Amino acid sequence: MDADQKLVDAALAGDLSAFERLVERHRDVVFRVAARIVGREEAEDVSQDAFLRAFNRLSAFRGDAPFRVWLLTITRNAALNHQARRRAEPVESVERLMGAPVGAEGRMPADQLEGRERRERLEGKVRLLSPSHRVVLVLRDIEGLSYEEIADVTEAPLGSVKGRLHRAREELIEILRRNTYDWELPA
Amino acid sequence: MNDDRGRDAATPAERRLLGYLDDLRADRPTPGTGLVPAVVRSARWQRAVRPYALSFGRLVGAIGTGIRLLAGRQRSR
């Protein structure tokens, strides 16, 4: 029995500190996936929602897939629900995503600032992908999950995952190509 | 997590894209220190009220069933 399964069993038996350890073990990956899907500003709310959903459904965890994969399925659903509920993005944010300069906060060395700006622009472009494409691309190309794990997380057949990833990459390349600066990034 | 992403990049454009995405991959945002205590606090609170919420839900369900039965009986008269 793996460490997560032991903690799940203890949490189901009423040990809240076991659940706390589960949150500590997985908070980073849950937060990262949420941040890539909904943006960093809202990732903490989505992470909290995902962990509470998991807490309330802990008895449904069968252990067929690793706990992390089960948790990421919940995170994906929480993030997509959060986005569906959210009102239209403010105009300023869309402009920023489409390539307006990002304001620098405080003093930061030029290369660090440039790197941060580049990452923020790229994150913004990833968030322009359709939700199903975004999820697959984030899980595969940023988080490095296997196709099988992504099929579990997205509850989709393996073939669909591969097809979606291919289309997601094409969509993102197309978005980046609209702006020479994004596609011809300095090495 | 494995890392065989490079193998399934079919085109030069995809390989280039993966190079860009490596930037995001290297950047690993972390949640604030308040996340874990907030989750645990909410979980504790939810666990405390869950039995009452379930009882209340059952009560409301029973009342609804009762009303439907009464309404059905009156309609059949």
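Start by selecting helix 3 of chain A in this predicted model: the cover over its buried residues includes helix 2 and helix 4 of chain A, along with helix 2 of chain B. Show the side chains of the buried residues of helix 3, which are Ala43(A), Val46(A), Ser47(A), Gln48(A), Asp49(A), Ala50(A), Phe51(A), Ala54(A) and Phe55(A).

Helix 3 of chain A runs over residues 40–56, and its end C-alpha atoms are 25 Å apart. That agrees with expectation, because 17 residues at 1.5 Å a residue should span 24 Å.

Now select chain B. Chain B contains 2 helices and 0 strands. Of its 77 residues, 12% count as buried.

The contact joins 28 residues of chain B to 33 residues of chain A. Which helices of chain B each supply at least two residues of the side that touches chain A? They are helix 1 (12–26) and helix 2 (35–76) of chain B. Coloured by class, this side of chain B shows 15 nonpolar, 5 polar and 8 charged residues.

Return to chain A and colour it by domain. The domain assignment gives domain 1 as 1–86 and domain 2 as 93–187. Where the two domains are in contact, 12 residues come from domain 1 of chain A and 13 residues from domain 2 of chain A.

On the domain 1 side of that contact, select helix 2 (16–38) and helix 4 (67–85) of chain A, the elements that give two or more residues to it. Helix 4 of chain A gives the most, with 6 residues. By class, the side of domain 1 that touches domain 2 divides into 6 nonpolar, 3 polar and 3 charged residues. Helix 2 and helix 4 of chain A are also among the elements that cover the buried residues of helix 3 of chain A.

For the last stop, select Leu145(A). This residue sits in the loop between helix 7 (131–142) and helix 8 (147–154) of chain A. Is Leu145(A) buried or exposed? Leu145(A) counts as buried because 24 C-beta neighbours lie inside 10 Å, and the cut-off for a buried residue is 20 or more. Finally, draw a line from Leu145(A) to Glu155(A): the two are 10 residues apart in sequence, and their C-alpha atoms are 14 Å apart in space.

Methods:
Residues are numbered from 1 along each chain as its sequence is written. Chains are lettered from A and ligands numbered from 1 in the order in which they are written. This is a predicted model: local features need pLDDT of at least 70, side-chain atom pairs count only at pLDDT 80 or more; totals for chains, interfaces and linings use all residues. Helices (H or I, at least four residues) and strands (E, at least two) are DSSP runs, numbered from the N terminus. Two residues are in contact if their C-beta atoms, placed from the backbone, lie within 7 Å. Ala, Val, Leu, Ile, Met, Phe, Trp, Tyr, Cys and Pro count as nonpolar, Asp, Glu, Lys and Arg as charged, and the others, Gly among them, as polar. Domain bounds come from an automatic or database domain assignment. The expected span of a helix is 1.5 Å times one less than its number of residues.
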